[in-house]
Amino acid sequence: MDDTDGAGGVPRFVGRRSVRAGEVAVGGDAPGSALAPGSRVVNRTTVNNVLPEVRWPLRVGAVPPLASSFQPRPSLRALVQAARADGQDVVLAQPAESGRVLVGEGGVGKSQLAASYYLASGADLAVWTTAKGGTGQLVADFAEAAARIRAPGADGEDDRADAQALLEWLQATDRSWLVVIDDVEDLDQIVDWWPRPNPRGWVLATTRQRKALAAGRARVDVDVFTEAEACAYLHQRAPDLRDHPGTCSDRPCPAASIASLLGRLPLALSHAAAYLDNNRDITPAAYALMLAEPGRMLAEVLPGDGADGYARAVHTTMLINLDAVQAQEAHPGLARAVLDTVARLDPNGSPATLWTDPKALAALTGPAPRWWQRLFDPRTSRDIPRAIPGLRGVHADQVRACLLLLVRYSLITHQPPGESGDLGLVRIHALTARAARDTTAEKQLHPLARRAANALLALWPDHGRDPALQQTLRANATALHETTTPALYHPNAHTVLFQAGTSLGQTGQVTAARDYYRTLTDTITHHLGPDDPGTLAARGNLARHRGEAGDVQGAVDEFAALLADRIRVLGPDHPGTLTTRHNLAMARGEAGDARVAADELAALLPDWIRVLGPDDPGTLAARGNLARHRGEAGDARVAADELTALLPDWIRVLGPDDPGTLAARGNLARWRGEAGDVQGAVDVLAALLADRIRVLGPDHPGTLSTRHNLAMARGEAGDAQVAVDELAALLADCVRVLGLDHPDTLIAGNNLARWRGEAGDVQGAVDELAALLIDRIRVLGPDHPGTLSTRHGLGTWRGRAGDVQGAVDELASLLADRIRVLGPDHPDTLTTRRGLGTWRGRAGDVQGAVDELAALLADCVRVLGPDHPDTLIAGNNLARWRGEAGDAGSAAEA
């Protein structure tokens with residue numbers, strides 16, 4: 001085959017899978033793991049072709065619902081309107097008046113006022129986001145908005161780049177828009193993400209920060225309710241208030257007394273109103289007495305002057321309402337336990353399914369291991385902490401009733417699925433959450449943290465599916481970590497810490513995943529020491545994501561150092577040591593040395609069999625990856641034969657429908673195709689697809705992977721248009737199921753572009769690659785292997801489009817960079833040399849082609865061996881150009 005097409009074979013879907021907490025493990029089916037040499041990421045044109053048309057008006061973000069009896073606060077609206085009339089954005093802030101020191105999380109109603117503007121907005125686009133804890137959620141929401149409006153430059157590859165594309169669209173568009181940024185902790189931190197002025201749109205932000213604002217932004221101080229607003233709110237929420245004379249213009253009105261005692265703080269008033277509405281036999285006067293005599297509770301909770309008056313008011317009203325809920329709950333302590341758990345999660349929203357999903361609920365409510373379980377199965381039982389008294393043994397109906405009570409008493413809010421991006425969310429005000437955390441018994445913190453983490457894990461989708469849920473779970477894992485440290489590190493580093501980082505990688509954020517694992521490695525080392533299994537596992541994941549972020553040699557070095565420590569700490573036969581040996585071999589293969597990878601895997605396999613047995617799933621996976629690297633080293637027939645022998649063992653050990661068995665069938669199809677039996681590969685993949693759909697369903701990533709490989713095999717079998725049609729349909733499903741930035745989505749779009757070129761649209765291939773190269777340099781950097789692969793493809797397709805000298809120039813420049821980055825003997829470097837020699841000949845420099853290809857052939861024999869397919873291709877190309885040069889005898893010898 002002639003490499004001037006710049007096209008690869010069936011892409012590599014074999015990758016690493018996890019077999020223990022946070023550990024990078026061996027073998028398995030990891031669809032879309034690493035891009036094959038020469039592969040390309042989908043560009044914005046391909047993505048936009050499968051996105052649905054934008055339906056205006058469009059709403060993005062999870063906005064909190066308006067409270068019952070929401071007060072419109074006309075005096076504040078007048079200030080907002082005046083600022084808008086001057087063309088200014090608006091920042092809703094808390095005043096810092098003389099004599100008042102605000103400590104805590106607000107509660108004056110800034111977010112409610114902002115939500116009222118969002119919900120009433122008639123703008124074409126309205127975005128609700130938050131900047132609490134940094135810019136992560138803001139960037140994610142901006143990226144989602146960019147994708148949904150199909151903003152130019154938003155290709156789904158990088159959230160920050162897509163968010164910038166939204167900012168550019170907002171500045172230039174003629175459509176109306178509103179962006180609400182809630183709970184900004186640091187105005188300086190979001191300066192680069194503040195939309196630039198456009199008369200068609202405006203920004204509304206909320207903050208507790210007091211500092212000077214940039215030009216074009218007006219501050220509107222949001223203080224507590226006025227007396228009239230407070231009384232109106234209480235009367236509307238609790239219409240049966242007794243003892244009031246029908247007006248609150250005079251001081252004796254009980255509503256006014258309650259409002260005064262609570263400082264007219266909207267959050268505290270919401271608690272009071274909910275209590276009075278649900279306890280109508282309690283008079284306002286009696287409730288005022290409860291507020292006036294809170295010392296018994298607050299003295300225990302808030303000794304001294306540790307909190308301001310607003311925080312004390314919320315503590316008091318929360319405890320009063322919690323007492324009322326507990327008096328009605330079906331299971332003693334349930335309401336306290338639920339509130340404590342919600343308070344440790346993300347106040348912007350934790351998944352409602354945490355309390356309805358059977359596995360998640362079991363993680364929260366299940367019993368602790370018995371003493372004999374801890375004795376005979378300590379490894380499993382240590383991940384199940386002792387039970388939380390209020391949650392132990394409760395049923396789903398009891399939990400549902402408890403949540404309703406907490407909502408009725410305004411301690412939490414609940415949005416069912418469909419109202420917040422199809423995610424049901426449980427929210428708690430940050431000040432209420434603080435009050436709950438401050439009153440949690442210390443001895444409950446550890447089991448609460450560990451069980452909540454287990455429940456989050458139970459909800460986590462696999463393979464990066466459902467990006468919105470993944471983002472919500474990551475935010476909740478982060479909040480749980482921040483509010484419970486060091487509980488998640490004792491007795492060991494909890495698996496949720498690893499899942500949060502792996503989730504970043506699975507949703508395409510490989511650089512963020514790499515950085516996350518670097519930080520996690522340092523943190524676990526701090527808590528548990530450098531030789532703790534969690535530290536070693538984090539280092540393994542750091543190595544993996546260094547490779548996926550493009551630093552393949554760094555991954556090799558990281559794994560090599562880790563292996564030395566594994567042997568020292570665990571010994572040579574520990575499963576963790578064997579796993580690291582496997583992953584080091586795999587990393588060497590990814591770095592281009594397939595023969596060394598095969599040799600190391602061949603040396604590993606007897607040890608694996610000796611330690612774990614021939615039927616261990618890890619043994620089977622190692623056999624599969626040994627076969628793969630023998631194929632990568634040039635012997636596709638041996639790879640196909642070894643995988644043919646392996647498949648019956650998979651079926652015997654794990655059954656015909658096990659995911660590992662299905663993955664083995666897919667890998668066998670690949671190497672049959674590589675060995676020349678392309679139609680055989682098509683037949684195997686077609687049968688496999690039917691079984692994938694039956695066993696896993698049509699939307700499982702494994703099913704999508706098989707559809708992808710089947711389309712690729714059909715293209716290799718000669719039907720480029722069928723490949724185009726099937727990949728186009730697949731890409732639409734990947735966008736729908738996995739999201740725009742999932743690796744499988746990007747690979748599907750990449751290969752759709754390739755087969756469109758093969759089907760005759762050569763110039764389209766050039767245009768798409770040129771646009772893609774800009775994005776790859778911006779996202780991955782100029783030296784990333786993916787960027788270099790795109791440059792190789794661009795040079796090749798330019799030559800095929802008729803720009804022969806352009807192909808020569810591009811490949812000559814690329815060759816220098818590949819030698820510098822990958823080394824002179826890397827297979828990708830040799831591929832570029834082969835392409836450069838061929839295009840030099842086509843450009844008229846026949847002798848230059850002969851010289852280049854002759855030197856290449858010698859290096860291919862030395863590096864790859866005389867029988868490697870790439871060596872044979874180099875020999876064929878050399879013979880061709882020697883013939884063109886008039887040396888028929890040498891051409892025949894070659």
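In this predicted model, helix α28 meets helix α29 through L662, A663, R665, G666, A669, R672 and G673 on its own side. Their partners in α29 are V678, A681, V684, L685, A687, L688, D691, R692, V695 and L696, where contact means heavy atoms within 4.5 Å. By class, eleven residues of this contact are nonpolar, two are polar and four are charged. For this count, Ala, Val, Leu, Ile, Met, Phe, Trp, Tyr, Cys and Pro are nonpolar, Asp, Glu, Lys and Arg are charged, and the others, Gly among them, are polar.

How do the two helices lie against each other? Helix α28 spans residues 659–674 and helix α29 spans residues 678–696, and they pack at an angle of about 165 degrees with their axes 8 Å apart. The axes are lines fitted to C-alpha atoms, for helices over the stretch in contact, and the angles run from 0 to 180 degrees between N-to-C directions. α28 and α29 are therefore roughly antiparallel to each other; angles under 35 degrees count as roughly parallel, over 145 as roughly antiparallel, 65 to 115 as roughly perpendicular and the rest as oblique. Their crossing is left-handed, a term used if the near helix is turned anticlockwise from the far one by less than a right angle, with right-handed for clockwise.

Stay with α28 for one more residue, T661, which is found in this helix. Is T661 buried or exposed? At 0% relative accessibility, T661 counts as buried; buried means under 20% relative accessible area, exposed over 50%, and partly exposed in between, with a 1.4 Å probe and protein chains only. Setting aside neighbours within four places in sequence, T661 is in contact with L647, W650, I651, L654, G655 and P656.

Step back to the whole chain. It holds 39 helices and nine strands, which are DSSP runs numbered from the N terminus, with H or I and at least four residues for helices and E and at least two for strands. Of the 894 residues, 56% count as buried. Among contacts with a separation of 6 or more, 69% are between residues 24 or more positions apart.

In soluble globular proteins, nonpolar side chains tend to be buried together. Here the largest nonpolar core has 113 residues, of which L92, L204, I258, V338 and W355 touch the most other members. Such a core is a set of buried Ala, Val, Leu, Ile, Met, Phe, Trp, Tyr and Cys residues joined through side-chain atoms within 4.5 Å. Helix α11 (residues 309–328) gives the most to this core, with eight residues. V338, leaving aside neighbours within four places in sequence, is in contact with W355, L391, C402, L403 and L406. Apart from this core lies another, of 30 residues, among them L138, A145, W169 and L170.

Finally, look at the backbone. Most residues other than glycine have a negative phi, and most peptide bonds are trans. The peptide bond from W56 to P57 is cis, with omega near -5 degrees, and P57 is found in the loop between α1 (44–50) and β1 (58–60). The bond from H490 to P491 is cis too, with omega near 10 degrees. P491 lies in the loop between α19 (467–484) and α20 (495–506). R73 has a positive phi near 55 degrees and sits in the loop between β1 and α2 (74–85); at 5% relative accessibility, R73 counts as buried.

For orientation, residues are numbered from 1 along each chain as its sequence is written. In this predicted model, local features need pLDDT of at least 70, side-chain atom pairs count only at pLDDT 80 or more, and totals for chains, interfaces and linings use all residues, while side-chain values use heavy atoms, leaving out hydrogens and water.
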